[in-house]
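Here is a friendly briefing to read alongside the model. Please keep the structure open as you go through the points.

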Amino acid sequence: MTIANINDFGMDGANVKWWLGNARLTDLSGRLLGAHVAHAGLIMFWAGATTISEVTRFVPSTPMYEQNLSLLPHLATLGWGVGVGGVVTDTYAYFAIGILHLVASAVLGAGGLYHVFSGPEILHTGGGIVAKFHYEWNDAKKLGSILGSHLIILGLGAFLLVIKAMNFGGIYDSAIGDVRLIVTPNLNPATIFGYLFGFANGGWTILGMASVNNLEDVIGGHIWIGAMLISGGVWHILIEPFPWAKRLLIIEADAILSYSLAGLAFMAFLSCVFVGYNTTVYPTQFYGSDRLGLANAQFLLGILALAGHIWHASRARLNRI
């Protein structure tokens with residue numbers, strides 16, 4: 001009797017199971033694009049539907065953290081619909097944001113369905129501008145360009161928070177119990193990058209970045225992050241990976257996914273520390289003093305992403321042999 005290696009599933013196309021998901025589309029750039037766009041639509045739909053659901057059952061006289069809310073606390077932290085003491089003064093902003101996400105999910109869903117059912121299976125067969133978006137998993141330059149585009153989008157996302165905090169209503173400051181504009185973000189590199197190594201407020205702490213205790217540093221950090229992401233994105237679009245990078249990194253489908261999952265796991269574990277200990281980014285007015293459940297959820301998601309990283313990294317190493 002032959003015992004199958006778990007890493008062999010999906011390698012030859014003959015034993016692909018439904019649970020392999022997008023592995024079936026590895027070499028179909030058009031179909032894989034459709035799956036990713038549709039996935040983004042599902043995320044948008046969840047965010048919109050959950051926000052609307054939470055608005056309909058929200059009780060203004062009861063603290064948010066006692067109502068099992070997932071998204072309204074985040075929106076309140078961003079300064080939407082709240083006033084002095086973190087009291088919700090207007091839920092219309094939450095409703096509008098939920099509707100915008102639902103509309104976006106419909107657009108993304110339509111795009112995903114188009115690429116899955118009507119668009120070319122492989123983008124280079126579509127001709128014209130469509131062909132320019134085709135990629136091969138061993139084409140380091142093209143994959144670098146894709147990475148660069150994603151980094152630029154992430155950088156723009158960081159700057160959206162900066163713009164909201166500095167120019168459009170401000171964000172909630174738990175230190176004063178009110179929403180305020182962050183007019184003078186801290187851009188001192190010694191302070192901002194000191195958090196990476198645990199140096200903050202004149203000493204060292206194991207909490208690292210999660211020890212930040214003022215919004216000036218938070219927004220200043222996002223300015224640095226946004227600038228670095230956009231600069232890195234432009235670099236990867238224009239510059240092909242150096243030979244030493246090609247030798248060091250495995251460049252193929254499972255490897256690329258494993259790198260992404262490793263980053264996702266790292267962010268999930270980092271968020272556990274923020275949720276558990278930081279009341280500047282997660283104000284007690286919206287999240288309470290006991291955030292164990294939320295921290296545990298982040299930790300479990302991090303474990304899941306880390307397991308996915310190990311799985312796909314092992315497959316990538318087997319492909320390289």
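Helix 5 passes helix 7 with a left-handed crossing. In this predicted model, the axes of these two helices come within 7 Å and cross at roughly 160 degrees. Since angles over 145 degrees count as roughly antiparallel, helix 5 is therefore roughly antiparallel to helix 7. Their contact has 18 nonpolar, 10 polar and 1 charged residues.

**Two further helix pairs**

- Helix 1 and helix 3 also have axes that come within 7 Å, crossing at roughly 160 degrees.
- That angle makes helix 1 roughly antiparallel to helix 3, and the crossing of helix 1 and helix 3 is left-handed.
- By class, the residues where helix 1 meets helix 3 divide into 19 nonpolar, 12 polar and 1 charged.
- Helix 9 (residues 253–277) packs against helix 11 (residues 292–320) at an angle of about 160 degrees, with the two axes 7 Å apart.
- Helix 9 and helix 11 are therefore roughly antiparallel to each other.
- For helix 9 and helix 11 the crossing is left-handed, and their contact comprises 20 nonpolar, 8 polar and 2 charged residues.

**The chain as a whole**

- The protein chain contains 11 helices and 4 strands.
- Its C-alpha trace spans about 65 × 50 × 45 Å along the principal axes.
- Of the 321 residues in the protein chain, 36% are buried.
- Which share of the contacts with a separation of 6 or more joins residues 24 or more positions apart? In the protein chain, that share is 67%.

**Nonpolar cores**

- In soluble globular proteins, nonpolar side chains tend to be buried together.
- The largest nonpolar core here has 32 residues, and the members that touch the most others are Met64, Leu72, Val82, Tyr94, Ile219 and Phe286.
- Several elements give two or more residues to this core: helix 2, helix 3 (92–117), helix 5 (140–167), strand 1 (171–173), helix 7 (215–238), helix 9 and helix 10 (284–287).
- Helix 7 supplies the largest share of this core, 4 residues.
- Beyond its neighbours within four places in sequence, Ile219 is in contact with Leu161, Val162, Ala165, Met166, Ile171, Ile182 and Pro185.
- Another core lies apart from the largest one and has 7 residues, among them Leu25, Leu32, Tyr135 and Trp137.

**Trp137**

- Where does Trp137 lie? Trp137 is in the loop between helix 4 (128–131) and helix 5.
- Is Trp137 buried or exposed? With a relative accessibility of 19%, Trp137 counts as buried, because the cut-off for buried is under 20%.
- Not counting residues up to four places away in sequence, Trp137 touches Thr26, Asp27, Leu32, Leu143, Ile251, Glu252, Ala253 and Ile256.
- Trp137 and Gly220 are 83 residues apart in sequence, and their C-alpha atoms are 37 Å apart in space.

**Leu181**

- Leu181 sits in the loop between strand 2 (178–180) and helix 6 (189–194).
- Leu181 is partly exposed, having a relative accessible area of 39%.
- Residues up to four places away in sequence aside, Leu181 touches Ala165, Met166, Asn167, Phe168, Gly169 and Gly170.
- From C-alpha to C-alpha, Leu181 and Tyr282 are 18 Å apart in space, and they are 101 residues apart in sequence.

**Asn68**

- Most residues other than glycine have a negative phi.
- Asn68 is not a glycine, yet Asn68 has a positive phi of about 55 degrees.

Conventions
Residues numbered from 1 in each chain as written. Predicted model: local features only at pLDDT ≥ 70, side-chain atom pairs only at ≥ 80, totals over all residues. Heavy atoms only, no water. Buried < 20%, exposed > 50% of the residue type's maximum accessible area, 1.4 Å probe, protein only. Contact = heavy atoms within 4.5 Å. Axes fitted to C-alpha atoms, helices over the stretch in contact; angles between N-to-C directions. Parallel < 35°, antiparallel > 145°, perpendicular 65-115°, else oblique. Left-handed = near helix turned anticlockwise from the far one by under 90°. Nonpolar A, V, L, I, M, F, W, Y, C, P; charged D, E, K, R; others polar. Core = buried A, V, L, I, M, F, W, Y, C linked by side-chain atoms within 4.5 Å.
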